[in-house]
Amino acid sequence: MAPETSVMTGNEAAATAARLARVQVIAAYPITPQSPVVEQLAAWVESGELPAEFVAVESEHSAMTVCIGAATVGARTFTATSANGLAYMFEQVWWAPGARLPIVMCIANRAMAAPWNVLNDQQDSMSVRDAGWVQLYCRNNQEILDTTVQAYLIAEKLHLPVMVCYDGFLLSHTMMPVSVPDAEQIDGFLPPFTDPWTIVDPGDPRNIGPVTLADPRNDTEGVAAPGYMEIRALHHRALLEALAVIPAVDSAYHDAVGRSWGGLVWEHLLEDADVVLVAAGSLAMQLTLTAEALREEGIKVGVLGIRAYRPFPIEALRERLVGRSVALVFDKALSYGYEGPICSDLRGCLLGVEGAPPVFGAVCGLGGRDVSLEQLADAARGAVADAAAGMRTRETDWINLHLEG
Amino acid sequence: MAQREISMSKPAVGEAGATGQWRNKRPVMDAALCLAAKAGRVTCQFCWVYCPDGCIAQGAGPVIDLTYCKGCGICAEECPADAIQMVPEALHGACELAEGEEVG
């Protein structure tokens, strides 16, 4: 059967990817705007189209715990959540990577409460960037499907969990044409997972993730066992290895299915750009229109989209930003008391690099606040003027904010 | 798992190390009070039941493995005959008392 194009939401694209990946265990708890992902998967399990175990749990903490248990004995697992559900899961969000379990979790990005809000920003997944997952951000529904399938191969090659992040409502509930690969294409790309590190044989039991103190020491058989710091260094090393694996998997996916998404980063009109607009997710897609509009005014603007936020693609960003006149980062999240997370990370990775442009930050779209092309263009014009005036650093710009005084 | 990239061990005696080194008070059993010792048979065994680290062996009376006992004192708390006293390690010479310091 040839691939067919359907019109579907981002959530349906994520569910379709999990089905194509032949997931074996799904555990999830409903939360807006993620719920339709697992409602669709539950329907397919019920109808028999997807021969998987669907575990209906009482919380997101348990959802991740079920995935951890299933992945520990070698199953391919899937879950999805948003915002406060991710926060409720937080303890186990750390266990999954520390135990090196290749779990894939979709995040339909939503604002964190309080105050209560179900609309989009990226504060939820940004708040767990340091937990040791691979984090990939998608720009449209086709990328959600393709990236979620790719996530399994990345996860299983590196023994790391992967978070596939996409903007709530803007993508999760927006319908777009999506080409659905056929099962044979995906089966060729993604073989069954046969190399778990933790599979447990009741006849030969193991303690997994037991108390592991500071220093390495011999185990009861006299074999040197790593200490906590060695385990963490190996985990970090695997994340850095993902800098090569993510593009390689994207390339292999192109060979199998005919589409690729840039690996770590993607760009639009970047080659001769003086001004670079940086963002992750659907906002970066919107910025491509801003760049095109500003080029008509004679300003050489390009877009650098972040697909992999963890690991942070230091070299890919440096080589694309050295020699530009200014980089303006749009964050849909904030490290309260400092600035947007992508902005901080980008400035840090350019610090001391010869020819690096000044990096300015803008915060926008929190809690679903609209951000128009004109507002984005105004922000870009302002950054160009400030850089031309010799500014090297600047306070964070808040776009479309209505505060008096 | 040749690389041992994750923390994993076989369930075995001492797989968490000689945890008795963590102890600052040790349980000392008085056979004259222990119900099992007095009866000369395997009875009571509350200390064996309650030990969270599995370092008490059943017996008449039970035997505490001080290589792994962390000194939590649950056995002393649960003993119905008050046969177990928690005695500071300093009294056993595991660490020196400072001059003038008293053991409570």
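Guide: Happy to! One definition to begin with: axes are lines fitted to C-alpha atoms, for helices over the stretch in contact, and angles run from 0 to 180 degrees between N-to-C directions. Also, this is a predicted model.

Visitor: Good. At what angle do helix 1 and helix 7 of chain A cross?

Guide: Roughly 25°, with the axes of helix 1 (residues 10-20) and helix 7 (residues 141-158) of chain A coming within 8 Å. Angles under 35 degrees count as roughly parallel, so helix 1 of chain A is roughly parallel to helix 7 of chain A.

Visitor: Left-handed or right-handed crossing?

Guide: The crossing of these two helices is right-handed. Helix 1 of chain A contributes residues including G10(A), A14(A) and L20(A), and helix 7 of chain A has I144(A) and T148(A) among its contact residues. By class, the contact has eight nonpolar, four polar and no charged residues.

Visitor: Switching to the open sheet: what's the strand order?

Guide: The order is 12-14-13-16-17-18 in chain A, six strands with mixed pairing. Strand 12 (265-268) and strand 18 (397-398) of chain A are at the edges with a single partner strand each, so one side of each lacks a neighbour in the sheet.

Visitor: And how do strands 13 and 14 of chain A pair, parallel or antiparallel?

Guide: Parallel, over six bridges. V278(A) has L304(A) of strand 14 as its bridge partner.

Visitor: Which strands does helix 10 of chain A lie across?

Guide: Strands 12, 13, 14 and 16 of chain A, and helix 10 (residues 282-296) runs at about 170° to strand 14. Helix 12 (residues 341-350) of chain A packs on the sheet too, with its direction at about 150° to that of strand 16.

Terms used:
Residues are numbered from 1 along each chain as its sequence is written. Chains are lettered from A and ligands numbered from 1 in the order in which they are written. This is a predicted model: local features need pLDDT of at least 70, side-chain atom pairs count only at pLDDT 80 or more; totals for chains, interfaces and linings use all residues. Helices (H or I, at least four residues) and strands (E, at least two) are DSSP runs, numbered from the N terminus. Angles under 35 degrees count as roughly parallel, over 145 as roughly antiparallel, 65 to 115 as roughly perpendicular and the rest as oblique. A crossing is left-handed if the near helix is turned anticlockwise from the far one by less than a right angle, and right-handed if clockwise. Two residues are in contact if their C-beta atoms, placed from the backbone, lie within 7 Å. Ala, Val, Leu, Ile, Met, Phe, Trp, Tyr, Cys and Pro count as nonpolar, Asp, Glu, Lys and Arg as charged, and the others, Gly among them, as polar. Two strands pair if DSSP finds at least two bridges between them.
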